[in-house]
Every structure is written in C-alpha cells, then in structure tokens.
Amino acid sequence: MSSVPENAPNHCPGTQSEDAGKASACAGCPNQNICASGVPAGPDPALEIIKERLANVKHKIIILSGKGGVGKSTVTSLLGHALAKLNPDANVGILDADICGPSQPRVLGVSGEQVHNSGSGWSPVYVTDNLSLMSIGFLLASPDDAVIWRGPKKNGMIKQFLSEVDWGDLDYLLIDTPPGTSDEHLSVIQYLSAAGVSGAVVVTTPQEVALLDVRKEIQFCQKVGLPVLGVVENMSLFVCPNCQARSEIFPATTGGARALCAALGARLLGALPLDPLLARCCDSGADFVAELPHSPAVLALRAIVAEIVASCDRPKSS
Ligand code: ADP
C-alpha cells in the first residue's frame with residue numbers, strides 16, 4: 001500500500017511519516033484529521049504483536065456499511081450464529097469495533113456480562129460453545145460513555161482489542177465496524193495489515209440513497225487494498241405473514257444491490273428479507289437462527305454463509 005494517498009496535496013509527507021497531518025502541506029487536505037488522529041506513523045510495533053496474537057485466527061472478515069441503520073450489526077450477529085451453527089466444528093468470534101455504538105452484546109443476548117483479564121489477555125464472552133464476543137460495550141460503565149471519544153482514544157482501543165483479546169483458535173473472526181469510512185476503519189485495516197484480512201462484507205439496503213454510499217465504501221476498499229468478499233442486500237423484500245403478498249419497503253429504483261454489484265464487479269452474496277420477527281429477536285437478544293431455522297431469512301442466510309465460506313477458501317488472485 002502506498003503511503004501517499006492518491007488525492008494527496010503537493011508535498012504530502014505520506015501517511016507513514018511522523019509529520020503526517022502536521023506538515024504545512026497538510027493544511028486544507030481532506031485527510032488531515034485522519035492522518036493526525038493517531039493512526040500509527042511508521043511501522044508500529046503493534047502490527048507484529050497483533051499478527052502474533054491473531055496467528056491462530058484463520059479468516060478475519062471486516063463488516064462494513066455505507067450508512068447506519070441498514071442492518072450491519074444485525075447481519076454480523078446473524079452471520080456469527082449461522083457460521084457457528086452450520087459448521088459446528090468451527091470456532092467463530094465477533095469483535096464489536098463499533099466503538100461509539102456497540103450493539104453486539106444486546107443483539108447476542110449477553111449484555112451485562114463481564115470480560116476477564118488474565119495473564120493471557122482479555123477473555124471474550126461466550127455466546128454459545130463456539131461463538132465468542134468482545135465488545136467495548138462490556139468495558140463501559142454506561143452505554144453512553146464512548147460517544148464523545150476522539151480519534152486517538154478510539155484508535156488506542158482498537159489497537160488494544162486487536163492485540164490483547166485471547167480468542168484461542170478461531171476459524172472466523174467477524175469485525176463489526178461503525179458505518180461509513182472513518183478513522184476506525186483505517187485503524188483496523190492498518191493494524192491488521194501484517195496479520196492479513198480475508199476481506200470485507202458490505203451490508204446495504206436496496207434503495208439508491210443507501211447504494212450511493214456502498215459505491216464509496218467499495219472504492220474505499222479498493223484504495224486501501226482490502227478485498228471485497230461481496231455485498232449483502234438487507235431488508236430486500238417484505239413478505240406479509242398473513243396474506244403472503246410481497247412488498248418492497250425500500251424500492252430498488254436503480255436495480256438494487258444486484259445492479260450495483262454488476263456495475264462494480266463485486267459479488268452479490270445474497271439478499272435478506274425484512275422480517276419483523278428477526279427485529280424482535282435482535283431486540284431481545286434471542287438467537288433467530290435457532291428459533292426460526294426454516295424462515296425465509298435463515299434460508300437466505302445459509303446461502304450467504306456458504307458464499308462467504310467459499311470466498312474465504314478461494315485462493316487469492318492478488
Ligand atoms: P446498523 O448496524 O446498520 O446501524 P442495525 O443492525 O442496528 O443497523 O439494524 C437497525 C434496525 O433494523 C434494528 O432494529 C434491527 O433489528 C432492524 N433490522 C435489521 N435487519 C433487519 C431485517 N432483515 N428484518 C427486520 N429488521 C431488521
């Protein structure tokens with residue numbers, strides 16, 4: 001990855017420089033805050049520590065969304081449950097790196113649990129025998145505590161999460177990130193650069209206003225050299241449980257995620273329907289995959305998981 005961004009001003013010192021974000025050439029650059037925000041300049045020793053810590057984690061998958069509210073955290077939790085259930089021999093971890101809005105403890109029904117720190121690091125909370133979770137939500141005295149955290153503090157927390165959690169042997173680590181492309185994403189990607197990332201799964205809803213941001217998200221991945229495993233279209237259709245009529249709650253006026261993927265050369269991993277029971281399960285922390293295994297949403301989820309597993313196992317072309 002080049003240390004000088006494509007849209008850099010003249011005399012840009014480069015993102016790896018100690019002057020990143022601080023040189024006179026940085027004044028007015030749109031990336032100035034990101035460069036100055038504490039993302040490590042120069043090779044950070046943490047990269048090697050993280051590589052060693054995650055050496056027994058086979059596949060690291062970053063979950064992204066262009067916008068908030070499209071179901072990124074919901075999809076992350078569903079993928080976690082489904083990966084763990086469909087491959088009972090696999091160990092799955094979820095890292096909730098949505099520092100300012102950690103929702104995984106609630107969605108996975110383990111809010112209020114304590115994480116323990118021992119000589120070997122922080123132990124994640126076990127949701128089931130083969131699904132574990134680490135979230136900042138476990139460490140905050142109040143759920144509102146992290147909202148005003150600034151870049152360096154958030155980056156420090158992400159570094160700690162990646163270097164100090166004792167996951168044990170994992171087949172899949174799903175990393176739930178905040179919406180958009182912010183300091184946190186750059187930190188996660190940079191800190192994982194030595195450890196290696198399988199790729200990103202991008203979650204969206206079908207309407208154009210959400211897809212616009214997916215384009216940006218995919219361009220961001222291309223810029224930072226992060227492979228895109230594919231796109232999940234969430235809340236695609238609503239099938240009325242009474243009359244079975246199908247409605248588009250978020251109309252795909254521009255062809256939805258399928259057309260977008262075709263245009264951008266990305267893989268459409270699948271589409272999840274809008275299901276009020278799913279929303280209810282997430283609110284109460286119930287395991288939707290176990291409770292409604294034959295629902296259209298879980299059937300769609302199985303196909304998405306199969307695609308992700310296949311993508312992870314496919315040899316990398318670059
Ligand atoms: P994000 O992480 O993108 O901000 P969430 O995962 O928190 O979004 O989801 C936002 C809301 O939408 C939650 O109340 C969640 O339960 C609901 N939701 C997400 N996906 C679905 C779905 N497929 N069917 C019904 N409700 C959903």
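How far does a backbone N or O atom of proline 273 lie from a nitrogen atom of the ligand? Select both in this predicted model: the distance is 3.0 Å.

**Stop 1: the ligand.** On its own the ligand has 560 Å² of accessible area, and the protein covers 78% of that. Two or more residues of the shell come from each of α3, β9, β11 (268-274) and α9 (276-284).

**Stop 2: the shell.** Show the 15 residues that surround the ligand; the closest are Gly69, Lys72, Ser73, Thr74 and Asn234. Coloured by type, the shell divides into 7 nonpolar, 6 polar and 2 charged residues.

**Stop 3: helix α3.** Select residues 72-86. These 15 residues should span 21 Å at 1.5 Å a residue, and the end C-alpha atoms are 20 Å apart, which agrees. Because 12 of the 15 residues are buried, α3 is largely enclosed by the rest of the structure. Among the buried ones are Lys72, Ser73, Val75 and Leu79.

Stop 4: Select Cys240 and Cys243, which an unreviewed UniProt entry annotates as "binding site". Cys240 is in the loop between β9 (228-239) and β10 (246-247), and Cys243 is also in the loop between β9 and β10. Which is the state of cysteine 243, buried or exposed? Cysteine 243 has a relative accessibility of 52%, over the 50% cut-off, so it counts as exposed. Cysteine 240 has 17%, under the 20% cut-off, so it is buried.

Definitions and conventions:
Residues numbered from 1 in each chain as written. Predicted model: local features only at pLDDT ≥ 70, side-chain atom pairs only at ≥ 80, totals over all residues. Heavy atoms only, no water. UniProt positions renumbered as here; feature names shortened; annotations may be inferred. Helix = DSSP H or I, 4+ residues; strand = E, 2+ residues; numbered from the N terminus. Buried < 20%, exposed > 50% of the residue type's maximum accessible area, 1.4 Å probe, protein only. Expected span 1.5 Å × (residues − 1). Near = heavy atom within 4 Å. Polar contact = N/O pair within 3.5 Å; in protein donor to acceptor, adjacent residues only side chain to side chain. Areas by Shrake-Rupley, 256 points an atom, 1.4 Å probe, with all protein chains shown as cover. Nonpolar A, V, L, I, M, F, W, Y, C, P; charged D, E, K, R; others polar.
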